[in-house]
Amino acid sequence: MSEPQVELNVLSARPAPPCGVPVEVEALDTRQLARMRFLARCPAAKGAQGWRQDFTVRARVSAVVAVAAAPIRPNETIGDEHVTLERRDVTLVGDAIGAPELALGQTSRRSLRAGEILRSGQLTAPLMVKRGDQVQMVARIEGIEVSMAGEALDAGANGAVVRVRNATSGQVVRMRVAGAGTVEPLDLPQPNRR
């Protein structure tokens, strides 16, 4: 999220009495932004009696987030034409996507309406390997590459672990999806993918 703005609204009905010294404020419960509780305390001062009072505060958080610019179908790959940025209320949206590039190339798990906030929980990486696909089992280490044919027994996105049957030996092994139609052994060191 970018350019976040927070608006606080005190819901308590009665105003706090005057205090001759700085008021001490303690957070009692801030788990839900829509209903937080605070304790305000005025310490006893010369000739004045102290007081304590609970306040309920509602926060409203808005930020510039990625929004669907057009309807998106389930399993549709998201491109530039699908995403725009708008300021929206995200108080109750914990997984809003703040930068369009984080949504690009992902696929939608369900139908999304134009104007709907894009959330990371609604999107998934596209499948690079589908169950039953013929795949290349590739092992690379220190400039040496060995590859053989296999059959994917599971579907997976880039980086997912899938079961693969070796076409030559029939042995089933667990491998990591390295790209479209390509898998690699789990025990090889992973390059930094950014």
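This is a predicted model: local features need pLDDT of at least 70, side-chain atom pairs count only at pLDDT 80 or more; totals for chains, interfaces and linings use all residues.

Biologist: How confident is the predictor in the protein, and which elements have the lowest and the highest mean pLDDT?

Modeller: The average pLDDT of the protein is 87, and 95% of the residues score at least 70. Among the elements, strand β1 (residues 2-10) has the lowest mean, 84, while strand β12 (residues 161-166) has the highest, 94.

Biologist: How many helices and strands does the protein have?

Modeller: The count is 0 helices and 14 strands. Read from the N terminus, the order of elements is therefore β-β-β-β-β-β-β-β-β-β-β-β-β-β.

Biologist: What makes you call the protein more spread out than a compact globule?

Modeller: For 194 residues the globule rule gives 16 Å, whereas the radius of gyration is 27 Å; that is well over the rule, so the protein is more spread out than a compact globule. Along the principal axes, the C-alpha atoms fill a box of roughly 90 × 40 × 25 Å.

Biologist: What share of the residues counts as buried, and how much accessible surface does the protein have?

Modeller: Of the 194 residues, 32% count as buried. The accessible surface is about 12300 Å², and carbon and sulfur atoms account for 50% of that area. As for contacts between residues at least 6 apart in sequence, 46% join residues at least 24 apart.

Biologist: Let us turn to single residues. Why is L39 called buried?

Modeller: Buried means under 20% relative accessible area. L39 has a relative accessibility of 5%, so L39 counts as buried. The residue is found in strand β3 (residues 36-42).

Biologist: Which residues are in contact with L39, leaving aside its neighbours within four places in sequence?

Modeller: They are E24, V25, E26, L28, R52, Q53 and D54. One of them, E24, is 15 residues from L39 in sequence and 8.1 Å away in space, C-alpha to C-alpha.

Biologist: Why is Q106 called partly exposed?

Modeller: The label partly exposed applies between the buried limit of 20% and the exposed limit of 50%. Q106 stands at 23% relative accessibility, so it counts as partly exposed. Q106 lies in the loop between β5 (83-89) and β6 (107-108). Residues up to four places away in sequence not counted, Q106 touches E76, T77, I78, L123, T124, A125 and P126. From Q106 to A155 the separation is 49 residues in sequence and 16 Å in space, C-alpha to C-alpha.

Biologist: What makes R60 and Q136 partly exposed?

Modeller: R60 has a relative accessible area of 37%, so it is partly exposed. Q136, with 36%, is therefore partly exposed as well. R60 lies in strand β4, and the place of Q136 is in strand β9.

Biologist: Which residues does each of them touch, apart from those up to four places away in sequence?

Modeller: R60 touches Q5, V6, E7, D89 and T91. Q136 is in contact with S147, M148, A149, G181, T182 and V183.

Biologist: Why are N75 and E142 called exposed?

Modeller: Exposed means over 50% relative accessible area. N75 has 62%, so N75 is exposed. E142 has 78%, so E142 is exposed too.

Biologist: Where do these two residues lie, and what is the phi of each?

Modeller: N75 lies in the loop between β4 (51-68) and β5, and E142 in the loop between β9 (134-141) and β10 (144-152). N75 has a positive phi of about 65° although it is not a glycine. For E142, also a residue other than glycine, phi is positive and near 45°.

Note on methods. Residues are numbered from 1 along each chain as its sequence is written. Side-chain values use heavy atoms; hydrogens and water are left out. Helices (H or I, at least four residues) and strands (E, at least two) are DSSP runs, numbered from the N terminus. The radius of gyration is taken over C-alpha atoms; the globule rule is 2.2 Å times the number of residues to the power 0.38. Buried means under 20% relative accessible area, exposed over 50%, partly exposed in between (1.4 Å probe, protein chains only). Contact means heavy atoms within 4.5 Å. Accessible areas come from the Shrake-Rupley method with a 1.4 Å probe; for residues, only the protein chains shown count as cover. pLDDT is the predictor's confidence in each residue, from 0 to 100.
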